[in-house]
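Take a look at the structure below. We will go through its charged pairs, then turn to a pair of helices.

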Amino acid sequence: GEFSSSQIGLPADITFRMRGRDEVVIHTILGGTVGLDHGKASHRYRLGDVYVASCPRVEFTCHTREVRSQTITLPQSLLTEVAGSPDDPWEFLPFAPVTVSGARQWREAARYVDNLLADPAAAAAPLVLSSAARLLAATALTVFPNTTVTEPAAADRNDAHPATLHRAVNFIEANADIDITI
């Protein structure tokens with residue numbers, strides 16, 4: 001569907017080249033180590049680390065050592081939709097450090113979605129799946145450095161007029177059965 005969540009294990013020492021596709025792959029290391037070489041920069045990840053492993057237009061060499069990871073794959077189109085910038089090109093800044101609180105927030109969102117999908121009824125509900133995909137996309141855009149999320153401008157801080165808010169609430173109540181986005 002719109003995303004995938006899986007646990008991956010590479011029970012060996014492996015070196016390979018990666019070329020980004022039209023999706024973003026985010027890893028949480030559960031065991032072992034991963035090294036990524038991108039140009040002159042090298043990055044190493046170990047137990048508990050969270051990082052953007054692959055994204056469009058990025059190439060790197062990966063070195064794994066007995067690695068196990070929880071992996072979330074999100075399509076670039078979903079991230080662009082959630083970012084609200086379909087006409088403005090944007091990208092993740094791969095290999096940029098993630099704050100401790102950002103890594104924790106990502107792990108908690110991924111765990112929540114995995115627990116949600118463990119329930120067959122929830123996993124079969126399109127509205128639940130769509131909301132879970134959007135939660136992951138919004139969390140990724142919030143915690144991983146990228147070029148689309150900026151500080152709010154003064155105009156962004158203005159509250160909606162009561163009439164606008166009333167219309168929005170009426171629309172949501174009348175359409176509670178569909179996936180409503182901004």
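Predicted model: local features only at pLDDT ≥ 70, side-chain atom pairs only at ≥ 80, totals over all residues.

**Charged pairs and packed helices**

Which residue does the side chain of Glu59 meet in a salt bridge? The partner is Arg19, with N and O 3.3 Å apart. Arg19 is exposed, because its relative accessible area is 59%, and the cut-off is over 50%.

Now place the two along the chain. Glu59 sits in strand β5 (residues 59–75), and Arg19 sits in strand β1 (residues 4–19).

Side chains of opposite charge can pair when their charged atoms come close. The count here is six salt bridges. One of them joins Glu23 to Arg21, with the closest N and O atoms 2.5 Å apart. Glu23 is partly exposed at 22%, and Arg21 is partly exposed at 46%. Another pairs Asp37 with Arg44, at 3.5 Å.

Next, the helices. Two packed helices are described by the angle and the distance between their axes. The axes of α2 (residues 100–117) and α4 (residues 126–143) come within 10 Å. They cross at roughly 170 degrees. That angle is over 145 degrees, so α2 is roughly antiparallel to α4.

What kinds of residues make this contact? They divide into 14 nonpolar, four polar and no charged. Among them are Trp106 and Leu116 in α2, and Leu129 and Val143 in α4.

Technical notes. Residues numbered from 1 in each chain as written. Heavy atoms only, no water. Axes fitted to C-alpha atoms, helices over the stretch in contact; angles between N-to-C directions. Helix = DSSP H or I, 4+ residues; strand = E, 2+ residues; numbered from the N terminus. Parallel < 35°, antiparallel > 145°, perpendicular 65-115°, else oblique. Contact = heavy atoms within 4.5 Å. Nonpolar A, V, L, I, M, F, W, Y, C, P; charged D, E, K, R; others polar. Salt bridge = Lys/Arg side-chain N within 4 Å of Asp/Glu carboxyl O. Buried < 20%, exposed > 50% of the residue type's maximum accessible area, 1.4 Å probe, protein only.
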